[in-house]
Amino acid sequence: MRQISFFFVGLLFISSCTDIEFVLKNKGDAGSLNNKLTYEVSGENYEYVTEALIKHFGSTKKESQNTYLLTVEIKEETIKTSIDTNQVSSSVQYNVGLYYTLIDYSNSCKKIQKTYKTRFTHYPKSEGHNFGSDKALQETYKISVNENVASFKNFVLNNEEFIACLNEG
């Protein structure tokens, strides 16, 4: 009797779960642009931007295999925000603007242009060795650029028109 009741409960459970789809649907496929881009980066400190692009979008292959061109123009402005009596700056503000243009080689998708600007302040040390200060500036710059590139990738993957174009191709 127990086996029959377990059989009917199991049959009821299986028949009630026939319409369940075990697929997570989201707006954009995170891997849809990975390893499909050719990068063109210009401006100061381009190596930090190139490193962040590879981290978020993957490495570039041969141009014939890539379907998109991503150009990034870097514009950097430094402002001495605090100057001591001996004319040494005790804090420097960095304004970094990254101007992105994403182009589809086949011209089937609309060109995407977006600008992201980040700002951070650095406190250089002029007394003695400044190795730690320089290293801190590099790390802050990398973090700022990395967040900037992540914001752009998030923008692209949530762009309804671009996602529709990706799904067509």
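Which residues does His56 touch, not counting residues up to four places away in sequence? His56 touches Asn34, Asn146, Val149, Ala150 and Lys153, where contact means heavy atoms within 4.5 Å.

This is a predicted model: local features need pLDDT of at least 70, side-chain atom pairs count only at pLDDT 80 or more, and totals for chains, interfaces and linings use all residues. Residues are numbered from 1 along each chain as its sequence is written, and side-chain values use heavy atoms, with hydrogens and water left out.

**Overall architecture**

- The secondary structure comes to 4 helices and 4 strands. Helices (H or I, at least four residues) and strands (E, at least two) are DSSP runs, numbered from the N terminus.
- Along the sequence, the pattern reads α-β-α-β-β-β-α-α.
- The chain has 169 residues, and 31% of them count as buried. Buried means under 20% relative accessible area, exposed over 50%, and partly exposed in between (1.4 Å probe, protein chains only).
- Take the contacts between residues at least 6 apart in sequence: 65% of them join residues at least 24 apart.
- The chain exposes about 11800 Å², and carbon and sulfur atoms supply 52% of it. Accessible areas come from the Shrake-Rupley method with a 1.4 Å probe; for residues, only the protein chains shown count as cover.

**Confidence**

- The average pLDDT of the chain is 78, and 73% of the residues score at least 70. pLDDT is the predictor's confidence in each residue, from 0 to 100.
- Over residues 24–28 the pLDDT is below 50. Beyond near neighbours in sequence, this stretch has 6 contacts in the model.
- Where pLDDT is low, the predicted coordinates should not be read in detail.

**Aromatic pairs**

- The count comes to 6 aromatic pairs. Rings of Phe, Tyr and Trp (its six-membered ring) pair if their centres lie within 6.5 Å; planes under 30 degrees apart count as stacked, over 60 as edge-to-face and the rest as tilted.
- The rings of Tyr48 and Tyr141 have centres 5.3 Å apart and planes at 45 degrees, so this pair is tilted.
- Tyr48 lies in helix 2 and Tyr141 in helix 3 (residues 131–157), so the pair ties together parts that are 93 residues apart in sequence. Both Tyr48 and Tyr141 are buried.
- Tyr100 and Phe152 form a stacked aromatic pair, at 4.1 Å centre to centre with 5 degrees between the planes.
- Tyr100 sits in strand 3 and Phe152 in helix 3, so the pair links distant parts of the chain, 52 residues apart. Tyr100 and Phe152 are both buried.
- One aromatic cluster is formed by Tyr48, Tyr94, Phe120 and Tyr141.

**Salt bridges**

- The chain has 2 salt bridges. A salt bridge is a side-chain nitrogen of Lys or Arg within 4 Å of a carboxyl oxygen of Asp or Glu.
- One joins the side chains of Glu161 and Lys110 (3.9 Å, N to O). Glu161 lies in helix 4 (residues 160–168) and Lys110 in the loop between strand 3 (89–104) and strand 4 (112–122), so the pair ties together parts that are 51 residues apart in sequence.
- Glu161 is exposed, and so is Lys110.
- Another joins the side chains of Glu73 and Lys75 (3.8 Å, N to O). Glu73 is partly exposed, with a relative accessible area of 37%. Lys75 is also partly exposed, at 45% relative accessibility.

**Individual residues**

- His56 is found in helix 2 (residues 46–57). At 17% relative accessibility, His56 counts as buried.
- The side chains of His56 and Asn146 are joined by a polar contact of 2.7 Å. A polar contact is a pair of N or O atoms within 3.5 Å; within protein, one must be able to donate a hydrogen and the other to accept it, and residues adjacent in sequence count only if both atoms are side-chain atoms.
- Thr101 is in strand 3. Thr101 counts as buried, at 14% relative accessibility.
- Not counting residues up to four places away in sequence, Thr101 touches Leu69, Leu70, Thr71, Lys111, Ile112 and Gln113.
- Asn45 is found in the loop between strand 1 (37–42) and helix 2. Phi of Asn45 is near 55 degrees, a positive value in a residue other than glycine. Asn45 counts as partly exposed, at 25% relative accessibility.
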